[in-house]
Structure formats: structure tokens, C-alpha cells
Amino acid sequence: MKKTAIRAGVASAVILFFGGQAAAQAPAGMSTEEFGMSPKQLVEAIEQVEALVSKCMREQGFEYVAVDYNTVRKGMDADKTMPGVSEKDFIRKFGYGVATTYTGEPPQLAAGYSPGKVGLGKQNVQIFKNLAPADQVAYNRALFGENTGATFAVALEMENFAYTGGCTRKAAAQVFKPDELQATYYNPRDALVNKDPRMKEALRKYAAEMRKAGFSYDHPDEVEHDIRKRLASLTNGGTILVGDMTPAQQTALKELQDYERRVTTKSFELQEEVIDPVEEKIEREMFARKSQ
């Protein structure tokens, strides 16, 4: 459940370490990092995308410093986390941190929670801050397209480039496969786990319990995607400042924030109780077989 799970990952026995030794080797194309990449492949992909983003931005007349792997990784790791806040407390207060943390400000100007700002790196944030307001708008349009919340680090962590645009999208399209750029993409490793009869039964139970609670989702991964889609529709792709919203828009945003907290709390509860134990058991068996 890579896209929306907040937990750090499966048991350490199935984690691959870049530069270290793996306890069990994943089958080709099904490693534990995003998009089924190995840690080494992930590092290379990030470096390639960042170099291409920098080149694209220069062609648009803007300065952008290619961000290193560690900075992008920090942005990815910052998604759905806050220092000193437990997973359950984060969920209870912020849901997935989508609508609940929305301000309409560019990520570079965020004062609080912002994985996107972390992943952009301090140099690029400062470059942006030094621009005049009109140039800031043009800069982010060149970098992100229509959705300023779709930074590379956040999209990579979600395994979903569907909301990206501008130089970010152009660069990703040169490094990732066409199917990996689609909203319908699913990590092959997760897809294999989902085919197991035990996981199918767990997902049926998840869907039934969600419907009892008043939510229509068949899989945990659907929740965040739906919230982001609703928020983008409400805020014109994240371009409307909260202070500039009409009363009706502000009411709709508050309702979406309340919804996000309720649905993510229930989904997270069911994922911990119903999905995770089954997923981890299947993965232990799967990788144990591969390593024999």
C-alpha cells in the first residue's frame, strides 16, 4: 500500500539497502522503493530528473539548482509526518495533510508543514523568494504547470505524476515510463500482493467497513487521490489563496477538511487492523521464497 501508507514499510527482512546487503532480494522490477525501483535506481532517477528540471527552467529563463538525492528524499519522508507528532496524531489532526494544510501559498513560501518545500531545497526556495511577485507566479508556472502543489518529491512519494506539469512533468516524462506517468499506474510489487486471495478478502472487509462508516472506497490508495482531486477542483489547482476565497468556497474547504480527517482516520484504522497484517505476511512469504 505504498501510495497512502504512513508506516515506514514492511518488515526489515524485505528492505533493500543501497550500498549494504539485503536480507532478501526482490524479484526484478519489484524492489521496495517507489515504482518498483531498487535504491540505486531511485537515486539515479532522482538525479536525472533534477538535472532535466534545471535545464528546462534555464530554457524558460529561470534559475533552478538541481536538487540532490538526500534533499528529495527528505521531502518524500516529510510527507504525512511532523516532528514530535505520532502517526495516529497526525492522522487525527491533519488526515493526509492535503486539504487540512492548504493555504494557497506557493510551497516555497509555506510557513509550516510542506513536504514540497523540503524537497525543493533551500537554494531553490531562496531563489524563488528573491523574485518579484509577478515573476514568482511565472516561475512556478514554468516549474509546476497549473498545480503548484505537485512538486517532484511529493509526486514521487505518492507514485503519482498525474498532477504534475511544467518542467517537473517534462523531466519526469524523460526518465519514467509512460505508464508510470498515468494516474492509473500501480506499483507491480503491490499489484502482485493484491492478487493474493488473502489480500482480496482483506480488501473486501476494508470496503465493507468503510461503507458502514459512510465512505465509498474499495482500497486505501483511493482515499488520498480522491481528496486531492476534490481539493484541486475547489481551488483551481491550488491557485486560490484561502484569504481570497468566497464564503461559499471557505465553507466547502472546511467541509473537505473535516471529511479528510474523518475518512483518513477510519481508513488508517482499518489499514492497521485489516490490511497491514495480511500484507506483511504475504510479503514475508513472497520474499522468503525468492531468497531460497
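The exercises below, each with a worked solution, concern the structure shown above.

This is a predicted model, in which local features need pLDDT of at least 70 and side-chain atom pairs count only at pLDDT 80 or more, while totals for chains, interfaces and linings use all residues. Residues are numbered from 1 along each chain as its sequence is written, and side-chain values use heavy atoms, with hydrogens and water left out.

**Exercise 1.** Describe the secondary structure of the chain.

*Solution.* Begin with the rule: helices (H or I, at least four residues) and strands (E, at least two) are DSSP runs, numbered from the N terminus. Under this rule the chain has eleven helices and zero strands. Next, turn to burial, where buried means under 20% relative accessible area, exposed over 50%, and partly exposed in between (1.4 Å probe, protein chains only). Of the 292 residues in the chain, 51% are buried.

**Exercise 2.** Locate Val 223 and find which residues it touches.

*Solution.* Val 223 belongs to helix 10, which covers residues 221-235, and its relative accessible area is 0%, so Val 223 is buried. For the neighbours, a contact means heavy atoms within 4.5 Å. Leaving aside residues up to four places away in sequence, Val 223 touches Tyr 96, Tyr 206, Tyr 217, Val 263, Thr 264 and Ser 267. Val 263 lies 40 residues away from Val 223 along the chain, with 7.7 Å between their C-alpha atoms.

**Exercise 3.** Classify the ring pair of Phe 215 and Tyr 259, and state where each residue lies.

*Solution.* A pair of aromatic rings is described by the distance of the centres and the angle of the planes. Rings of Phe, Tyr and Trp (its six-membered ring) pair if their centres lie within 6.5 Å, and planes under 30 degrees apart count as stacked, over 60 as edge-to-face and the rest as tilted. The whole structure holds ten aromatic pairs. In one of them, Phe 35 and Phe 176 are tilted, at 5.1 Å centre to centre and 50 degrees between the planes. For Phe 215 and Tyr 259, the centres are 5.6 Å apart and the planes stand at 75 degrees, so this pair is edge-to-face. Phe 215 is in the loop between helix 9 (197-212) and helix 10, whereas Tyr 259 is in helix 11 (residues 247-291), 44 residues apart.

**Exercise 4.** What sits over the ring of Tyr 259?

*Solution.* A charge sits over a ring if NZ of Lys or CZ of Arg is within 6 Å of the ring centre and within 35 degrees of the ring normal. The charged end of Arg 230 sits over the ring of Tyr 259, at 4.5 Å from its centre.
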